Amino acid sequence: MAGFPAALSPRLRKASIWMLYLLGLLPAAWGFWLGATGRLPGNPVKEFEHLLGLWALRFLIATLAVTPLRDLSGINLLRYRRALGLLAFWYVLMHFTTYMVLDQFLNVAAIVEDITRRPFITIGMAGLLMLVPLALTSNNWSIRKLGSRWGKLHRLVYVAAAAGALHYAMSVKIVGPQQWIYIAIIALLLAWRPLRPYFNARKRRRRPPEKPA
Ligand code: HEM
């Protein structure tokens with residue numbers, strides 16, 4: 001399993017990334033279809049908005065999980081990280097668009113008031129704004145141009161994920177088990193970053209010395 005993406009031919013690898021984009025957008029398309037055909041329960045706009053917000057959070061989690069997964073199990077999904085990050089961004093953007101168009105009917109004054117007066121929306125907006133430069137610089141050209149600054153800029157994803165989790169917790173009256181699960185997963189993934197150098201150094205020390213050829 002560890003060698004799975006590497007074992008694919010370059011064409012299959014590329015195809016698998018496009019497949020991930022397609023599969024990743026399915027929940028949005030499915031939710032939209034259910035909403036448009038009157039099959040979403042309760043308030044369909046809210047249901048659709050929630051579905052998009054939750055998938056945004058899931059893709060943020062998947063993006064952050066790539067590195068710990070490689071460190072802990074050797075499974076290397078680095079090739080899929082850009083697609084996962086972009087899917088998270090698109091879901092946040094669709095979540096925001098749904099809020100603006102279907103929830104607030106493009107009433108700019110109401111939207112601005114919400115963003116400035118309701119802390120959970122302010123935090124969500126901050127999360128979205130942080131993801132914008134990351135999405136814009138996710139291409140190979142930007143990676144080459146920015147050099148080491150690229151890595152530093154992309155650390156913003158940790159803050160965006162924390163903002164997303166906080167926004168989720170604050171969007172409900174009572175923080176229940178579902179919110180706690182998301183908060184705990186994101187907290188663990190963020191905690192991994194400072195622990196990582198120690199873990200990897202220990203792993204290197206434990207590795208048996210290579211036999212001379
Ligand atoms: C990183 C960015 C964001 C993430 C990860 C995110 C995620 C979520 C999640 C998971 C929920 C709750 C879904 C549920 O209860 O099942 C939610 C609710 C909500 N979000 Fe976001 N969101 C983000 C940004 C935004 C932005 C930019 C706005 C608008 C300016 C926004 C507006 C809302 C609203 C209005 C609700 C609650 C709707 C309600 O129950 O009345 N979110 N969001």
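Which residues form a positive surface patch? Select Arg202, Lys203, Arg204, Arg205, Arg206 and Arg207, and you have it on screen. Patch members have over 30% relative accessible area and no salt bridge, with like charges joined within 9 Å and nonpolar side chains (Val, Leu, Ile, Met, Phe, Trp, Tyr) within 5 Å. Lys and Arg count as positive.

Before moving on, note that this is a predicted model, where local features need pLDDT of at least 70 and side-chain atom pairs count only at pLDDT 80 or more, while totals for chains, interfaces and linings use all residues. Numbering starts from 1 along each chain as its sequence is written, and side-chain values use heavy atoms, with hydrogens and water left out.

Stay with Arg202, which lies in helix H10 (residues 177–206); helices are DSSP runs of H or I with at least four residues, strands are E runs of at least two, and both are numbered from the N terminus. Arg202 is partly exposed, at a relative accessible area of 46% (buried is under 20%, exposed over 50%, partly exposed in between, with a 1.4 Å probe and protein chains only).

Next, go to helix H2 (residues 10–36) and pick Met19. With Leu22, Leu23 and Leu26, Met19 forms a nonpolar surface patch of about 430 Å² of accessible area together. Met19 is partly exposed too, at 47%.

Now select helix H4 (residues 81–103): its 23 residues reach 31 Å from first C-alpha to last, close to the 33 Å expected at 1.5 Å a residue. Just after H4, look for Phe105 and its positive phi of about 50°.

Finally, zoom out: the chain has ten helices and zero strands, and 37% of its 213 residues are buried.

Conventions. Areas by Shrake-Rupley, 256 points an atom, 1.4 Å probe, with all protein chains shown as cover. Salt bridge = Lys/Arg side-chain N within 4 Å of Asp/Glu carboxyl O. Charge placed at Lys NZ, Arg CZ, Asp CG, Glu CD. Expected span 1.5 Å × (residues − 1).
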